[in-house]
Amino acid sequence: MGWLAAPAQAAGCTLTAIVWEGYTDPSFTQTFEEQTGCTVKATYAGSSDEMFAKFRAGGGRNYDLISASGDITERLYQAGLVRPIDASQLDNYSAVFDSFQNGRWNTFDGQPYGVTFAWGPNVLIYNPEAVSPPPASWDVLFDPEYAGKITLPDNPMTIADVALWLGKPDPYDLTSEDLAEVKAKLLELRPQIRKFWATAGELANLFQSGEVVLAHAWPLTYQQLDEAGFPVGSVSPKGKLTGWTDSWMIAQRSPNADVAYEWIDYILSGPGQKGVIEATGYSGATELGTAEIGAERAKELFMDDLSLHAQINMWQSVKNYDEWVQLWNEIRS
Amino acid sequence: MNTETMSVARMRRRPGLQLGLYGTLLPPLVWMTLLYFVPIALLLIYSFWRLESFEIVQTFSLDNFKTIASNAAYRRVLVRTVAIALGVTVIDAAIALPLGYFITRHGGRYRQLLTLLVILPLWSSYLVRVFAWKIILGYNGVINTVLLSLGILTTPSQAFLYNSFAVTLTFVHVWLPFMILPVITAFEQLPTSLLEASADLNARPWTTFRRIILPLVMPGVLAGSINVFALTMGDFITPSLVGGASDIMLGNVIASQFGVSYNWPLGAAFALVVMAIVFSGLAIVLRRGALETL
């Protein structure tokens, strides 16, 4: 009967996760799979809403893990889809930066529901061969010289960035009048836009085929293009940055919670943090990660003093989100 | 065996035959019910629910349909989608008519081969064909490279890709076989004697085309039209791959409601609107005898 039992055991050790692109990159996921003998099966999501919807579909039984950004952590908790984190099951939990333990984005009712592991800003990415001098602010997107050479993410959260450009103090709390201003600004920008990008792969392709030279994007794209040897530059305009802080959260109904804890522990470890950082270009969240990548790289990624983290307007839940979606559809129609 | 014993034999076999007949009908019926009728019923139910603070509220309301009707942006997408679908249909018909005529009348011994060539693109992935257009129309694409090397352009043009022209062109190409096949079938059924009679009665070619050919191949054209129209109405991949910043179609709106926006009720309502438009198109062409000869 041994031949019957073997595959059954293997099937019990498949960790399913819904993640942002890069968070289960084979470069470091393979090590985990070899160490534990478990398979990691990941689905990429294009937006937080999609992630939430897919995670919830089927009563929250489809996935063990989710790499939730700050704009859906509370929603996941409210919907009862995630379980409290038992820190005693994580050897590396104490290495998480102090200010990230019990971060307000994943702690509810005094209990941690997620483990912070990565964060970063949304940045301005450009092709230095076509854009000179190097841009310093988002205003370059409105420069007629680059008309039809610009791409923005196809995601309603982009509205928060436009609100920041307009000087709104809280880009996640916008009144209908604020939104009307944002709409006017976006309509002004629309003729400049070649295409709205949906996936990081598509975005890299837009750069490589010469269709665009400027993008509002994740640092992931900088990393991908740089690795491919394509000329690329990245700017983080001060004070005008949105970004995300991502947490691993475990499904309330996860049948593989033990493996999920093992995975989280691995990602918090030195090699795990280094893996995520190298695959995505995002900043890590643990002292072990800082030690692994070295002081110099840690300084580049603002992991030593977290001064950038404090400055970024991190994605949050938006109350009138349906209005945001509606506005976005109007821009896209 | 004389006719009398044959009909007796047939009558005796009938009950068993009927049972077998219904028996063979059962599997497809179950299949259709589970995988087609039930999902459509679910879609219908969802479209009358609504979304409130990320929760689907299961009470009857017409909110979604009101939103679709009252929102200028959605109306614009609706009108654009129908316009593109009609445009693609007309262009495909205009290409298929002369092509179908040529293949059936002048194809000779190459007729089979030519028909095969028409179907051949269907053997490659739909995505591959759409991506091929990206390569042809792109900034560093085939057309721009040719125009640059001929000295017609000095810098690559952005006019070819990421706009409604690219969307229409791609649709016209990928759906063309679905128009040509029924048109060829219609031409094959067209008796040559009628064309000869028309010519004998001194009708000019244009008159023959207008009064003899067109009415007789019309059912084929209409059948092809409903194929092309329905396929275009529901598609979201082509506009998202070759369309620009403001060329989304109903398919994209539906995909985003079920995906990024998580508003399944509104998405379901949009899907029903698409179905209603396609079915009314179907009803119109059926009344004009689209499927009678096929």
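Reader: In which sense, right-handed or left-handed, does α6(A) pass α14(A) in the crossing?

Author: Please note that this is a predicted model. In it, the crossing of α6(A) past α14(A) is right-handed.

Reader: At what angle do helix α6 and helix α14 of chain A pack, and how far apart are their axes?

Author: Helix α6 of chain A, residues 176-189, packs against helix α14 of chain A, residues 321-332, at about 20°, and the axes lie 11 Å apart. Angles under 35 degrees count as roughly parallel, and therefore α6(A) is described as roughly parallel to α14(A).

Reader: Which residues make the contact?

Author: From α6(A) come A:Leu179, A:Val182, A:Lys183 and A:Leu186, while α14(A) contributes A:Glu323, A:Leu327, A:Glu330 and A:Ile331. By class, the contact of α6(A) with α14(A) holds 5 nonpolar and 3 charged residues, with no polar ones.

Reader: How is chain A divided into domains?

Author: A domain may be built from separate stretches of a chain, as here: domain 1 comprises 2-119 + 243-301, and domain 2 comprises 123-240 + 318-332. The centres of these two domains of chain A, taken over C-alpha atoms, are separated by 27 Å. Between them, 8 residues of domain 1 are in contact with 9 residues of domain 2. The domain 1 side has 1 nonpolar, 5 polar and 2 charged residues.

Reader: How many residues of chain A are in contact with chain B?

Author: There are 22 residues of chain A in contact with 18 residues of chain B. On the chain A side, α3 (48-56), β9 (193-197) and α14 each supply at least two residues. That side divides into 5 nonpolar, 8 polar and 9 charged residues.

How values were computed: Residues numbered from 1 in each chain as written. Chains lettered and ligands numbered in written order. Predicted model: local features only at pLDDT ≥ 70, side-chain atom pairs only at ≥ 80, totals over all residues. Axes fitted to C-alpha atoms, helices over the stretch in contact; angles between N-to-C directions. Helix = DSSP H or I, 4+ residues; strand = E, 2+ residues; numbered from the N terminus. Parallel < 35°, antiparallel > 145°, perpendicular 65-115°, else oblique. Left-handed = near helix turned anticlockwise from the far one by under 90°. Contact = placed C-beta atoms within 7 Å. Nonpolar A, V, L, I, M, F, W, Y, C, P; charged D, E, K, R; others polar. Domains from an automatic or database assignment.
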